[in-house]
Amino acid sequence: MANFENITIEKGMYQGKGSLTDVLERLDPSENYEGTSLEGLDAFSRQLKRYDIKVSGRGSDCVEKFFQSSNSAALFPEYVSRAVRQGMERADILSNIVATVTDIDGMDYRSIVSDATEDDKTLKIVGEGAVIPQTRVKTRENLVKLHKRGRMLVASYEALRFQRLDLFTVTLNQIGAYIARAQLKDAIDVLINGDGNNNAADNVAVTTSGALSYGDLVKLWASLSPYELNTILAPTQEMRKILGMTQMQDAKAGLDFQGTGKMITPLGAALLHAPEMTAGKIIGLDKNCALEMVQAGGVVTDYDKLIDRQLERAAITCTAGFSKIFTEAAKTMS
């Protein structure tokens, strides 16, 4: 069994691939602790236990507990990154609209596309010895645009040293929520306007301008065929119109909304509230094949300043971009 108490933690561990947790897992695999009192903890959590640092609950420690030694101080940037990621996950809508996530090491990425015609989409009978119809896959003409989103954490060690970690975690969670909402705005822009490869979403006009009806939702559903309408993104004003439809007030829809807060349209598509969208427009998409998320490095924390200078100013950033997979798998309605 690997001994987690004998690992020397240093800031150089942040310079490799993956997070500090990934590095610690390679040195101290969690599988070695199956059947022990430490089962269920990952390598980073075992290091917190090693230095008796409690980051949550009524008995959480103060920030200064991380800086009791050089080893424990090196854990602090990872704690910050994990708390930010936790906030991103709580405010996450992207996982409901992204078909796949691609992690890259650099800043340049070119996605692939299959430009199939209506004839190509028909799987014809192939006679004996005949040529099998082809589906051509090629790279996009333009690179995926990656945007760095983040916040600058400005504080002195003296100002925070006696603050409880659970309270500090709430602040970091909120930074993560800000980043998640900014990324959602980027994703919505790509769904509507395309990713620079002449693939903006087609718009389906409502029957009566400004008066969204159930018939319009059916029209949107039909226009997406052969793709499935399983997700609808709507700003606040359009959400109110949809929720106010007679079809949304039946017993089953009401029970789901009132009991769980989950909003399902009469067409069976998940209804997602996106205040970042422009009023008067909704997006209908097949979440399984409409959008690709490309990210470089995940949440990155300026570890040098957090360890050596004990906070001051440290950047917390996340670099990501979005690419259309199948253009016809997402359409707008306005």
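**Conventions for all views.** Helices (H or I, at least four residues) and strands (E, at least two residues) are DSSP runs, numbered from the N terminus. The model is predicted, and accordingly local features need pLDDT of at least 70 and side-chain atom pairs count only at pLDDT 80 or more, whereas totals for chains, interfaces and linings use all residues. Residues are numbered from 1 along each chain as its sequence is written, and side-chain values use heavy atoms, with hydrogens and water left out.

**View 1. The protein as a whole has 10 helices and 11 strands.** Of its 334 residues, 43% count as buried, a term that here means under 20% relative accessible area, while exposed means over 50% and partly exposed lies in between (1.4 Å probe, protein chains only). Among contacts (heavy atoms within 4.5 Å) between residues at least 6 apart in sequence, 79% join residues at least 24 apart.

**View 2. The largest pocket has a volume of about 640 Å³.** On a 1 Å grid over the protein atoms alone, a pocket is an open set of points with protein on both sides within 12 Å along at least five of seven lines, whereas a cavity is a set of points where a 1.4 Å probe fits but cannot get out; lining residues have an atom within 4 Å of a point. Grid points are joined across faces, edges and corners, and the volume is the space filled by probe spheres set on the points. The lining comprises 27 residues, and those nearest the centre of the pocket are Gly18, Ser19, Gly297, Gly298 and Val300. At least two lining residues come from each of helix H1 (20–27), helix H4 (76–90), strand E1 (100–104) and strand E9 (291–301), and the largest share, 6 residues, is supplied by E9. Sorted by class, the lining has 9 nonpolar, 10 polar and 8 charged residues, where Ala, Val, Leu, Ile, Met, Phe, Trp, Tyr, Cys and Pro count as nonpolar, Asp, Glu, Lys and Arg as charged, and the others, Gly among them, as polar.

**View 3. Strands E1 and E9 run parallel and are joined by 5 bridges.** E9 is mostly covered, with 9 of its 11 residues buried.

**View 4. An open sheet of 5 strands has the order E5-E11-E8-E6-E7, with mixed pairing.** Its edge strands are strand E5 (203–204) and strand E7 (270–273), each of which pairs on one side only; two strands pair if DSSP finds at least two bridges between them. Strand E6 (residues 231–234) and strand E8 (residues 282–285) run antiparallel and are joined by 3 bridges, and Leu233 stands opposite Ile283 in E8. In the loop between helix H7 (214–223) and E6 lies Pro226, which is joined to Ser225 by a cis peptide bond with omega about 10°.

**View 5. Helix H2 (residues 43–50) has buried residues at Ala43, Phe44, Arg46, Gln47 and Leu48.** The elements that cover these buried residues of H2 include H1 and H4. Asp52 follows H2 and is found in the loop between H2 and H3. Phi of Asp52 is near 55°, a positive value in a residue other than glycine; most residues other than glycine have a negative phi. Asp52 counts as partly exposed, because its relative accessibility is 43%.

**View 6. Ser56 is also placed in the loop between H2 and H3.** Ser56 counts as exposed, at 53% relative accessibility. The C-alpha atoms of Ser56 and Arg164 are separated by 8.7 Å, although the two residues are 108 residues apart along the chain.

**View 7. Asn71 lies in helix H3 (residues 70–73).** Asn71 is buried, with a relative accessible area of 15%, and its side chain reaches the backbone nitrogen of Ile9 at 3.1 Å. Leaving aside neighbours within four places in sequence, Asn71 is in contact with Ile7, Thr8, Ile9, Arg50 and Tyr51.

**View 8. Asn198 lies in the loop between helix H6 (165–193) and E5.** Its phi is near 55°, a positive value in a residue other than glycine. Asn198 counts as exposed, at 82% relative accessibility.

Technical notes:
Polar contact = N/O pair within 3.5 Å; in protein donor to acceptor, adjacent residues only side chain to side chain.
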